[in-house]
Amino acid sequence: RRFKEGMSHVAPNTSEMSKDERERATIEEQRFRRQTMGNVKFIAELFKHNLLTESVMHRVVQQMLNSDRSEILEALATMLTCMGQKLDSNPTRSGDCNK
């Protein structure tokens, strides 16, 4: 649930903010990025240790691909770097990311 909330996170309009508000918004955005990256690395590790199934990972990848946020797509690239080889190595589902 929180991941979905994070995916819908919209950056505030900084042109109408004071300097302090812009700094707080920047810090919040950095925190969001760091937290997102940590979460996807954790998810990838769970999959690598067979604690998440391949079908779950395909759904996560598909959901992340549907995002228009650059941070989510960057996190997807990190996640696939961490666990993509294992995801791609199953001969029965290889290349079947649309299910």
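**Stop 1: helices α3 and α4**

Select Glu54, Met57, His58, Val60, Val61, Met64 and Leu65 in α3; these meet Ile72, Leu73, Ala75, Leu76, Met79, Leu80, Met83 and Leu87 in α4, contact meaning heavy atoms within 4.5 Å. By class, this contact comprises 13 nonpolar residues, one polar and one charged; Ala, Val, Leu, Ile, Met, Phe, Trp, Tyr, Cys and Pro count as nonpolar, Asp, Glu, Lys and Arg as charged, and the others, Gly among them, as polar.

This is a predicted model, in which local features need pLDDT of at least 70 and side-chain atom pairs count only at pLDDT 80 or more, while totals for chains, interfaces and linings use all residues. Residues are numbered from 1 along each chain as its sequence is written, and side-chain values use heavy atoms, with hydrogens and water left out.

Now display residues 54-65 (α3) and 70-88 (α4): the two helices pack at an angle of about 155°, their axes 10 Å apart. Axes are lines fitted to C-alpha atoms over the stretch in contact, and angles run from 0 to 180 degrees between N-to-C directions. The pair is therefore roughly antiparallel, the term for angles over 145 degrees.

**Stop 2: helix α2**

Next select residues 19-48, helix α2, which has 30 residues and spans 44 Å from its first C-alpha to its last, close to the 44 Å expected at 1.5 Å a residue (1.5 Å times one less than the number of residues). Its buried residues are Ala25, Glu29, Phe32, Thr36, Met37, Val40, Ala44 and Phe47, where buried means under 20% relative accessible area with a 1.4 Å probe, protein chains only. Just after α2, asparagine 50 has a positive phi of about 60°.

**Stop 3: α2 against α4**

Show α2 with α4: they pack at an angle of about 20°, with axes 9 Å apart. They are therefore roughly parallel, as angles under 35 degrees are classed. The contact of α2 with α4 contains 12 nonpolar, three polar and seven charged residues.

Which residues does threonine 78 contact, leaving aside its neighbours within four places in sequence? Select threonine 78 in α4: its contacts beyond those neighbours are Met37 and Lys41. At 19% relative accessibility, threonine 78 counts as buried.

**Stop 4: the whole chain**

Finally, select everything: the protein chain has four helices and zero strands, helices being DSSP runs of H or I of at least four residues and strands runs of E of at least two, numbered from the N terminus. Buried residues make up 29% of the 99 residues.

Conventions:
Parallel < 35°, antiparallel > 145°, perpendicular 65-115°, else oblique. Buried < 20%, exposed > 50% of the residue type's maximum accessible area, 1.4 Å probe, protein only.
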